[in-house]
Amino acid sequence: MDGKTALLDIDHMTIAFGGLKAVNDVSIQINKSEFVGLIGPNGAGKTTFFNSITGNVSPTGGGIVFDGHNLTKKRPDQISRLGISRTFQNIRIFPKMSVLDNVTIPMHSEPAYSMWAAMLGLSKVTRQQKETEKRALEFLSDLGLEAYKDREAGTLAYGLQRRLEIARALAASPKLLLLDEPAAGMNNDECNELAELLRRIYKNYDLTVILIEHHIEFVLKLCDRIYVLNLGQLLAEGTPEEIQSDPEVVRAYLGSRRTKQ
Amino acid sequence: MLYIFSIIVFVCVHGIAVSGLSLLTGYTGIFSIGHAGFMAVGGYAAVVLYKNLGVPFLLAVVLGGFIAVIVSVILGYPALRNKLEGDAFGIVMLGFVTVVRVAISNIKPVLGGAIGITGIPRLSSVWLVILITVIMVYCMRNFIKSDYGKNCMAVQQQESAAEMVGVNPLRTKLRALMISAFYGGVAGGLFVFYATFISPMSFAEAKSNDLLAAVVLGGMCSLSGPLMAAGILVILPEILRFLAVWRLVFYGLAFILIMLFRPDGLFGYREISFKWVGRLYHKIKAGIGERQKRTGRG
């Protein structure tokens, strides 16, 4: 966008599964501290798009550059450590671990001590663990999960599991946060609450966010800029106002009822 | 007495191998139907090092462990890098233990072919074996409780998410495989220097099943559970010896019942805790104090 170097620069990316082009020649630039929405009908390639950024799917054409690093040849764990974190459409917490342990994992994905030290149970191991637990508690209290810290994560209510996933994503100290349908299955009140939460963490943690969501009000309320994908192709791009009045978007996704408003 | 001692040694040796397998299968979620292959490699390596190259006994056992580690890398790196997991990796290990057995059976010069090697001096004493077992289990407990162990659990429970928060699944799995191979190798070495002989059948498929059974029965994500199960699996056949062939039926029945009523194993996701002893003690003490007060008043 306007000549600045973008935080995330996706250049003519294509992802083909055999003959099916899930993402077709899409170029997107996202600047630091933007809150960007990604909408589109089911099967438009939104999640595939995320998967390519996080390194789960490698693009068949084009490039992805994040913060000066070329991501196309990198593994997911390397990409995570460069500062990209995500939540999943279908919740993927560590179900049998405690809520606290769920949040400490990203902090010690590469432990600061050797495995020999771990085996001998040296004092620096426990010291390090106390340290990470203290930091994890901060994330938990920030997301209102402190009371559940010792609960088995899989036994939490659905909404809390979603929050836990966000807490875990934040614990990886990301620069860019990818949210894949965080409001799925939530009612209006819960949506509003989540929107408040996302706005708060976006400010407090100085994040850049890409949000995939079907609750259109939710996206319009939160995002500075919205991309619309349809059948793997970029249909439109613009501010919430521009998107709402774009006739092509309305036809493909929003439905004509909205034009009467 | 010798009989009791030999059972203790068997329990300890199984305990070492099972604690290694518990890290690999119970915590990291990689099934290994051929873990006895590492015991065979470690056992044979230790004997050859001792007999043919004159390496001192304990050093030979430890080196046997490291040779098992090298074999595990040769085997595990290509398999795990290509994302073989679950049953597929289990089959790789089944193939491995079979290959080891058949290969050893056909190498006559140093390894003695199908007859194996006899006349090995009994150098592992009961106390030494117990000491080594305690040390190795203690190290495993520390490892599992550390961040390394937590990363293993994360990979087991939700690999894609673990990867997405920076855990390298290949490295985590390979590390678990290497450590468990080391434990298997050392267990094999210690056993051989107690049994005084080794043959291709010492550590074949049946032994692998015993090890895996201990981990599955004892419980996933638990160390004390599998250790206890290992003990039971060694001692139970001895106790049931009078039942002759029928003991296998009881054995099988016990398996079915446990899998039916406790699919996560006896101690799945928990450890055997002795905290209740402390609680009971305090309760009794409080009870006695109460009574004393009452009688004092009366």
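**Two helices in chain B**

Author: Helix 1 of chain B and helix 5 of chain B make a left-handed crossing, where left-handed means that the near helix is turned anticlockwise from the far one by less than a right angle, and right-handed means clockwise. Helices here are DSSP runs of H or I with at least four residues, numbered from the N terminus. A quick note first: this is a predicted model, where local features need pLDDT of at least 70, side-chain atom pairs count only at pLDDT 80 or more, and totals for chains, interfaces and linings use all residues. Residues are numbered from 1 along each chain as its sequence is written, while chains are lettered from A and ligands numbered from 1 in the order in which they are written.

Back to the pair: helix 1 covers residues 2-27 of chain B, and it packs against helix 5 of chain B at about 15 degrees, with the axes 9 Å apart. (Axes are lines fitted to C-alpha atoms, for helices over the stretch in contact, and angles run from 0 to 180 degrees between N-to-C directions.) The two helices of chain B are therefore roughly parallel, a label for angles under 35 degrees.

Who meets whom? Helix 1 of chain B brings residues including B:Phe5, B:Ile16 and B:Tyr27, and helix 5 of chain B answers with, among them, B:Val126, B:Met136 and B:Ile144. Contact means C-beta atoms, placed from the backbone, within 7 Å. This helix 1 to helix 5 contact in chain B has 15 nonpolar residues, 3 polar and no charged. Nonpolar covers Ala, Val, Leu, Ile, Met, Phe, Trp, Tyr, Cys and Pro; charged is Asp, Glu, Lys and Arg; the others, Gly among them, are polar.

Helix 5 (126-145) of chain B also gives two or more residues to the side that touches chain A.

Definitions and conventions
Angles under 35 degrees count as roughly parallel, over 145 as roughly antiparallel, 65 to 115 as roughly perpendicular and the rest as oblique. Two residues are in contact if their C-beta atoms, placed from the backbone, lie within 7 Å.
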